[in-house]
Amino acid sequence: MKRTGAELIWECLVRQGVEVVFGYPGGAILPAYDAILEYPIRHVLVRHEQGAAHMADGYARASGKVGVAMATSGPGATNLVTGIATAMMDSSPIVCITGQVPSSLIGRDAFQETDVTGITLPITKHNYLVTRVEDIAPVLKEAFYIARSGRPGPVLVDITKDAQQASHEWEWSDEPVRLPGYRPDLKTLPEEYEHALELIQGARRPLILAGQGVIKSGASQALQEFVDKTQIPVSPTLLGLGGFPASHPLNLGMMGMHGEAWVNQAIQSADLLIACGMRFDDRVTGNLNTYARGARKIHIEIDPSEINKNVKVDVGIVGDLRQTLERLLPQVEAGDRAAWIAHIEGLKGESAVRDIQSLPDSGRLFAAHVINDLWHLTEGDALVVTDVGQHQMWEAQYYKHEHPRKLITSGGLGTMGFALPAAMGAKLACPDEEVWVIAGDGGFQMTAAELCTCAQEKLKLNIAIINNGYLGMVRQWQQFFYDGRYAATPLLNPDFVKLAEAHGLCGLRVESRGEVARAVEKARQDTGTVVIDFRVEQEDSVYPMVPAGADLDAMIRRPSPLVETAESEI
Amino acid sequence: MAITENQDSGRTQTFVVYVEDKPGVLNRVASLFRRRSFNIESLTVGRTDQPGVSRMTIVMEGDQDTALLFEANLYKLVNVLRVENVSHLPTVVRDLALIKVRSNDQVRSQILQICDVFRARVVDVTLGALIVEITGSESKIEGLLDVLRPFGIIEMVRTGRVAMTRGSEAPSVDPHFVHALVPRERASVY
């Protein structure tokens with residue numbers, strides 16, 4: 001059948017199972033937009049293309065399917081960049097389709113021309129410039145395959161306007177894509193498994209570091225069986241939260257810069273680290289020269305280029321995490337780690353006393369209180385999407401996730417403004433989930449325009465703005481490391497309640513802990529999106545904290561009136 | 001002249017890389033050096049006898065660990081078909097240079113003699129200059145340059161290193177297994 005390039009785009013998307021596309025029209029992508037009306041695909045009109053990329057990302061992370069964003073050439077395409085880089089760093093499968101000026105104008109600095117394949121080369125898993133109509137269908141098929149296979153990631157397809165307008169005789173082909181250079185299913189030599197098993201057998205103080213790979217490969221069940229058999233305690237990374245149930249007795253809590261103190265200490269005294277689908281980011285290792293010096297390391301990773309990148313390991317197993325764990329499980333011996341686990345329990349020491357939840361109620365509203373209460377009220381079962389900063393860390397510490405894909409956050413790139421659009425994508429992917437956005441007052445304003453998209457699309461979100469009147473995490477660094485000189489961190493904010501109302505949405509304000517439950521319940525019952533402005537303690541900090549580049553166990557601890565140690569005071 | 005030269009003393013690594021002959025592939029490979037902070041020493045690229053496949057010889061600074069990381073990163077590029085680290089294999093390595101040397105009647109024969117010793121060829125002669133072509137190892141070319149420099153080198157161009165392993169085995173196209181990514185030496189330390 002004869003199809004225009006524009007029609008081919010939608011034919012392909014429909015066949016890939018795409019139900020929703022997030023985008024913004026413009027000159028070079030107009031042919032595609034003209035054709036969308038004939039196809040059963042919902043289009044969400046964003047207010048800024050960055051939002052489209054984040055929505056596709058949120059959709060992908062919530063569902064495990066490929067998210068799709070669409071934009072025009074030039075500024076439309078460059079506005080996607082932050083969202084693409086975010087998806088790249090966190091291995092999120094998205095396909096971005098951009099219009100490009102007609103092929104005859106490429107290289108002439110035409111109106112809204114930009115070399116978007118050049119710009120996005122380092123921040124995509126792969127990208128394409130399509131100038132011929134007959135290439136559109138095969139390229140899109142490859143794009144979806146590359147985005148979701150192996151270590152997932154963003155793929156950008158830039159299609160010239162003339163390719164969209166031209167026609168082509170076309171039949172859908174079910175043949176698998178042929179990419180001779182692409183190897184998403186690399187496997188390790190069998191002897192590596194033997195070596196790993198030997199190390200596990202001999203370990204007396206082993207720890208499992210559970211990253212996002214647990215979620216991406218659907219390895220939660222396999223990991224639980226592995227842990228139940230071997231009795232090896234687990235610590236998740238930020239993006240690994242939910243991959244292993246928080247309530248499991250062997251889940252020690254999060255590692256890293258704002259991880260649990262005892263976890264970081266346990267890592268430093270371990271004799272074996274089993275890294276599962278994580279990449280030893282500097283935020284979880286601290287100073288690499290002193291990181292887990294006494295530990296041998298097994299690294300199970302789907303991406304071979306991650307092995308030995310940051311931390312030199314003893315055994316690198318390349319492959320799908322779930323398959324790897326399932327292969328190791330029957331061979332690994334049941335273990336008794338009681339002494340090691342008791343040792344870690346001992347490391348907890350006065351941590352509980354230092355915890356903000358244990359501090360005497362001063363009547364002030366702390367962000368940690370809000371998140372702890374939200375966790376209780378939603379019974380730990382909400383799909384939470386966080387932005388970047390202090391609230392993100394408090395969420396990671398106080399909202400205990402039991403299931404995978406229930407926390408969506410920008411970990412690697414740390415993209416402020418991510419939460420609201422990503423949550424919209426997640427809500428569209430999982431309409432039955434109770435979705436909560438937790439954002440700071442700073443980050444929320446970066447993409448607050450998408451509130452209007454939320455209203456237009458009639459999406460039901462619950463938005464908790466943790467409003468401390470500062471760019472809180474930066475303020476915290478200024479307090480700790482820059483002599484408290486608060487340069488460019490205090491914020492004058494709009495009235496978030498009125499802002500919500502201006503969009504026809506419900507806005508609530510909470511200023512004391514006593515009001516938290518009522519507001520949360522009101523938001524849950526409202527059928528539309530509700531914005532809650534939580535006016536929290538302005539100069540609270542996230543503890544514990546490993547200063548950037550410091551040894552992992554050299555943590556700044558929350559000062560506590562109940563604990564007298566000089567080193568903890570800053 | 002020795003056929004086999006191992007020019008990588010551990011400081012550099014030589015790779016033979018087969019890539020799809022598509023627009024932007026060179027850019028993708030070159031970009032890898034910049035964004036992962038690999039130090040590139042030389043990169044040559046040309047066609048192969050197989051349509052649609054180009055072959056690169058890449059020389060980079062770094063030890064064996066860096067080489068493994070570089071290899072893994074190259075394989076992440078969708079258009080990269082095969083990577084072979086030939087640093088520790090018996091390999092024929094060549095570099096080609098064209099050197100334009102200042103010459104006149106007084107020194108011309110002297111230069112020709114030198115070229116003869118180095119098995120270099122004079123490929124162009126004008127009144128004031130000669131163009132000398134030399135193929136060989138980098139050290140041989142450096143040697144010729146050293147002795148020609150006093151005459152005055154007007155300009156010079158070098159191709160960078162190209163490499164080919166010895167023996168009758170053709171490179172296989174699709175490795176099913178990644179090699180153990182941890183060098184055995186380190187694993188045995190424990």
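**View 1. Strand 1 of chain B and its two antiparallel partners.** Strand 1 of chain B and strand 4 (residues 80-85) of chain B run antiparallel and are joined by five bridges, as seen here in a predicted model. Within this pairing, B:Val16 stands opposite B:Glu84 of strand 4 of chain B. Strand 1 of chain B also pairs in the antiparallel sense with strand 3 (residues 53-61) of chain B, in this case over nine bridges, and here B:Val19 has B:Ser54 of strand 3 as its bridge partner. Strand 1 of chain B, which spans residues 12-20, is mostly covered, with seven of its nine residues buried.

**View 2. Chain B as a whole, with its order of helices and strands.** The secondary structure of chain B comprises five helices and nine strands, and when chain B is read along the sequence these elements follow the pattern β-α-β-β-α-β-β-α-β-β-α-β-β-α. Of the 190 residues of chain B, 30% count as buried. Among the contacts in chain B with a separation of 6 or more, 75% are accounted for by residues 24 or more positions apart.

**View 3. Packing of helix 3 against helix 5 in chain A.** Two packed helices are described by the angle between their axes and the distance between the axes. Helix 3 (residues 49-63) of chain A packs against helix 5 (residues 81-89) of chain A at an angle of about 25°, and their axes are 7 Å apart; angles under 35 degrees count as roughly parallel, and helix 3 of chain A and helix 5 of chain A are therefore roughly parallel to each other. Helix 3 of chain A makes the contact through A:Gln50, A:Ala53, A:His54 and A:Asp57, while helix 5 of chain A contributes A:Thr82, A:Gly83, A:Ile84, A:Thr86 and A:Ala87. By class, this contact has three nonpolar, five polar and one charged residues.

View 4. Helix 5 of chain A is mostly covered, as eight of its nine residues are buried, namely A:Thr82, A:Gly83, A:Ile84, A:Ala85, A:Thr86, A:Ala87, A:Met88 and A:Met89. The elements of chain A that cover these buried residues include helix 3, strand 4 (67-71), strand 5 (94-100) and strand 7 (155-160). Helix 5 of chain A is followed by A:Ser91, which has a positive phi, near 55°.

View 5. In soluble globular proteins, nonpolar side chains tend to be buried together. The largest nonpolar core in the model has 204 residues, of which A:Ala52, A:Ala69, A:Val95, A:Cys276, A:Val437, A:Ala464 and A:Ile532 touch the most other members. Leaving aside residues up to four places away in sequence, A:Cys276 touches A:Ile208, A:Leu209, A:Ala210, A:Gly211, A:Gly213, A:Val214, A:Leu223, A:Ile300 and A:Leu321.

**View 6. The side of chain A that touches chain B.** Contacts between the two chains involve 27 residues of chain A and 24 residues of chain B. On the side of chain A that touches chain B, the elements giving two or more residues are helix 9 (190-202) and strand 13 (315-318) of chain A, and strand 13 of chain A gives the most, with three residues. By class, this side of chain A has 13 nonpolar, eight polar and six charged residues.

Notes. Residues are numbered from 1 along each chain as its sequence is written. Chains are lettered from A and ligands numbered from 1 in the order in which they are written. This is a predicted model: local features need pLDDT of at least 70, side-chain atom pairs count only at pLDDT 80 or more; totals for chains, interfaces and linings use all residues. Two residues are in contact if their C-beta atoms, placed from the backbone, lie within 7 Å. Helices (H or I, at least four residues) and strands (E, at least two) are DSSP runs, numbered from the N terminus. Ala, Val, Leu, Ile, Met, Phe, Trp, Tyr, Cys and Pro count as nonpolar, Asp, Glu, Lys and Arg as charged, and the others, Gly among them, as polar. A residue is buried if 20 or more other C-beta atoms lie within 10 Å of its own, exposed if 12 or fewer, and partly exposed in between; C-beta atoms are placed from the backbone. A nonpolar core is a set of buried Ala, Val, Leu, Ile, Met, Phe, Trp, Tyr and Cys residues joined through C-beta atoms within 7 Å. Two strands pair if DSSP finds at least two bridges between them. Axes are lines fitted to C-alpha atoms, for helices over the stretch in contact, and angles run from 0 to 180 degrees between N-to-C directions. Angles under 35 degrees count as roughly parallel, over 145 as roughly antiparallel, 65 to 115 as roughly perpendicular and the rest as oblique.
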